[in-house]
Amino acid sequence: MTPLPALGWRPELAAQLPAGTAPARVVRVDRGRLGVLTGDGERRVHPGAGLYADAALGGPAVGDWVALRDELAVALLPRTSAFVRTGAGRSSAAQVVAANLDLVLVVDALTADPRLRRVERYLAVAWSSGATPVVVLTKADLCDDVVAGVEAVREDALGVDVLAVSSPTGEGIAALRALLAPGRTAAMVGPSGVGKSSLLNALAGEPVAGTREIREDGRGRHTTTARELQLLPGGALLIDTPGMRELALYDDAAGVEAAYADVADLALDCRFRDCAHGGEPGCGVAAALDDGRLDPARFRGWRKLQAEAHRQRLRVDARARAEERARLRSLHRSRRDLPSRPR
Ligand SMILES: Nc1nc2c(ncn2[C@@H]2O[C@H](COP(=O)(O)OP(=O)(O)OP(=O)(O)O)[C@@H](O)[C@H]2O)c(=O)[nH]1
Ligand SMILES: [Zn+2]
């Protein structure tokens, strides 16, 4: 028997449960079936039409809470956060790949130069989901200057925890575990090969990634399910779905603007075109914060990225000016060195 808070249950959800139903957390969405965890263990249930009643929610996703009536999931409970994939392929319909995340581990490796722009894009998507991002830099054991590597990312990822870890040596794993408090739900994003599976195994203390087939003994019959939500020994929950992993590929091409299109929309209402949304009269962003249309956490996330984008522009400008000077110098030099034209 697992107490519900250990599955990430929030007491305020109790009021949202239809009469005669019990809560369950979705651990896998499979053609026509849902794998769920309840206080009594893991089960497979049928998704009822009620889960799709609100088209804007995009149906059940890993991490969602559903209301069960026997073997039927009848309702989708409100989410605190949602990782949405948009613009994948030709369809522009939003697809929720994971829900109710507290933390998003943005994973990259310390072996290559820190890929700051890429980390930033992941951070933008993480903030926009409503979850708090943490940057986890893997392969610390292969890096000569871990401190510098961490510092470069930290400078860029304002207000975000940045940790260095090594899955084989265990370096930094305890510090990461400390962030993964009991009942909190996290998920990993990051490019292929940076060590997400290894990290999941290190956190789990046993190989779960790659060998995620779990044999279950349910009342005499054996069922096999591949869970996409793991309970870690420390009590946190870690979501690892192919959807989250693919998300990376799409959002590499998208950008901060896309992730924060709603804030940009609100800014269109500002009286002044160059409004900095810092207390100016007639500010559309401030109005939306006041009446609850804009979440303050989301606004802070956007602000951080705006500041970073600005600094990045200054850096690029400085580089462009330096390059232009170098170009002019070499041009003069080549003119000077040019042999005089034959008459
Ligand atoms: N030295 C070292 N090698 C690591 C570490 N983490 C992962 N690796 C190695 O890096 C390679 C890729 O690791 P994975 O865990 O499969 O990476 P992944 O991000 O899950 O990759 P995908 O499954 O393609 O998304 C493997 O050969 C791992 O053994 C680390 O901290 N140190
Ligand atoms: Zn404004």
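## Getting started

Two strands count as paired if DSSP finds at least two bridges between them. Helices (H or I, at least four residues) and strands (E, at least two) are themselves DSSP runs, numbered from the N terminus. With those terms in hand, 4 bridges join strand 8 to strand 11 (residues 185-189), and the two run parallel.

This is a predicted model, in which local features need pLDDT of at least 70 and side-chain atom pairs count only at pLDDT 80 or more, while totals for chains, interfaces and linings use all residues. Residues are numbered from 1 along each chain as its sequence is written, and chains are lettered from A and ligands numbered from 1 in the order in which they are written.

## The chain as a whole

The chain holds 9 helices and 15 strands. Of its 343 residues, 36% count as buried. Here a residue is buried if 20 or more other C-beta atoms lie within 10 Å of its own, exposed if 12 or fewer, and partly exposed in between, with C-beta atoms placed from the backbone.

Contacts tell us about the fold too: two residues are in contact if their C-beta atoms, placed from the backbone, lie within 7 Å. Among contacts in the chain with a separation of 6 or more, 65% come from residues 24 or more positions apart.

## A closed barrel

Five strands form a closed barrel in the order 1-2-3-5-4, with mixed pairing. On average, neighbouring strands of this sheet are turned by 55° against each other, direction ignored; the axes behind such angles are lines fitted to C-alpha atoms.

One of the links is between strand 3 (residues 41-47) and strand 5 (residues 72-76), which run parallel and are joined by 2 bridges. P47 has A73 in strand 5 as its bridge partner.

Strand 8 (residues 103-109) is largely enclosed by the rest of the structure, because 7 of its 7 residues are buried. L103, L105, V107 and A109 point one way, while V104, V106 and D108 point the other way.

Strand 8 pairs with strand 9 (residues 132-138) in the parallel sense over 7 bridges, and A109 stands opposite T138 there. Towards strand 11, V104 stands opposite A187.

Strand 9 is also the place of V135. V135 is buried, with 25 other C-beta atoms within 10 Å. Leaving aside neighbours within four places in sequence, V135 is in contact with V106, V119, V153, A157, V160 and V162. V135 and V119 are 16 residues apart in sequence and 7.9 Å apart in space, C-alpha to C-alpha.

## Around ligand 1

S192, G195, K196, S197 and S198 come nearest of the 15 residues around ligand 1, where being near means a C-beta atom, placed from the backbone, within 6 Å. Helix 4 (residues 196-204) gives the most to this shell, with 3 residues.

The shell divides into 3 nonpolar, 8 polar and 4 charged residues.

## Positions listed by UniProt

An unreviewed UniProt entry lists C270, C275, H277 and C283 under "binding site"; such annotations may be inferred rather than shown by experiment.

C275 lies in the loop between helix 7 (261-267) and helix 8 (284-290), and H277 lies in the loop between helix 7 and helix 8. C275 is partly exposed, with 18 other C-beta atoms within 10 Å, whereas H277 is buried, with 20. Leaving aside neighbours within four places in sequence, C275 is in contact with A267, C270, E280 and C283, and H277 is in contact with A267, C283, V285 and A286.

How values were computed. Axes are lines fitted to C-alpha atoms, for helices over the stretch in contact, and angles run from 0 to 180 degrees between N-to-C directions. Ala, Val, Leu, Ile, Met, Phe, Trp, Tyr, Cys and Pro count as nonpolar, Asp, Glu, Lys and Arg as charged, and the others, Gly among them, as polar.
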